[in-house]
Structures are given as structure tokens and as C-alpha cells.
Amino acid sequence: MKTVQDYMNDPRILNDAGLMAAPEEIREVHAIRLKHHDETDGMTAAAEADYYARKAAALFAGTGKVLEFVSFAGQGKLKPRAASIAGV
């Protein structure tokens, strides 16, 4: 898999006069966007959801946290409550 630095040297960035005149931070953001686009281009919705779930799990695993999912299915509709004024 290509790194962001590989994308910094990509012809799509190097051949763009506007990007080459921009600060390096702008080119880096553009490189990250190109990397993301290349990794997810043509994915189905299910494959893209799996891609994001794996990325999130890897991010949390790197911090020592456990990624947990919450499901509110089957709990019914939210119940309306009377409006209240704070401090009254």
C-alpha cells in the first residue's frame, strides 16, 4: 500500500502548478485525499463500511482502547416529554 509520502511525489500533484505553488501542508492534505480515494474507489457500500470499521478498530487498538458498538434496535420510539424552562 502506498504511503502519503508516495502520494506527495505522485504526478497528479507534481504536474499541478497550483498545488506546487501552495504550501506543503496543502499538498499533504491533497495527497491524503488522493490516497483515500484510491483505496476506496469502486467499493460497494458494504465494503466501504467494512473498510471504515477496520480503520477505526486499528486506530482504537493502537491506543489500547476497545471499540464497542451500541445498538438501539428494538427499544421502540423515543417518548416525547414536556418542555421545561431551566431554573423554574
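A residue counts as buried when its relative accessible area is under 20%, as exposed when that area is over 50%, and as partly exposed in between, with a 1.4 Å probe and protein chains only. The model is a predicted one, in which local features need pLDDT of at least 70 and side-chain atom pairs count only at pLDDT 80 or more, while totals for chains, interfaces and linings use all residues. Residues are numbered from 1 along each chain as its sequence is written, and side-chain values use heavy atoms, with hydrogens and water left out.

With that scale in hand, arginine 12 is partly exposed, its relative accessible area being 39%. Arginine 12 takes part in a salt bridge (a side-chain nitrogen of Lys or Arg within 4 Å of a carboxyl oxygen of Asp or Glu) with aspartate 38, where the closest N and O atoms are 2.9 Å apart. This pair links distant parts of the chain, since arginine 12 lies in helix α2 (residues 11–14) and aspartate 38 in helix α4, 26 residues apart; helices here are DSSP runs of H or I with at least four residues, numbered from the N terminus. Aspartate 38 is likewise partly exposed, at 36% relative accessibility.

Arginine 12 also forms a salt bridge with aspartate 10, the closest N and O atoms being 3.0 Å apart. Aspartate 10 is buried, with a relative accessible area of 7%, and its side chain meets that of lysine 2 in a further salt bridge at 3.5 Å, N to O. Lysine 2 is partly exposed at 37% relative accessibility.

The contact, meaning heavy atoms within 4.5 Å, is made by His36, Glu39 and Thr40 of α4 and by Tyr51, Tyr52 and Lys55 of α5.

Helix α5 itself covers residues 45–63, and its 19 residues reach 27 Å from the first C-alpha to the last, close to the 27 Å expected at 1.5 Å a residue, where the expected span is 1.5 Å times one less than the number of residues. After α5 comes glycine 64, whose phi is positive, near 85 degrees.

Definitions and conventions:
Helix = DSSP H or I, 4+ residues; strand = E, 2+ residues; numbered from the N terminus.
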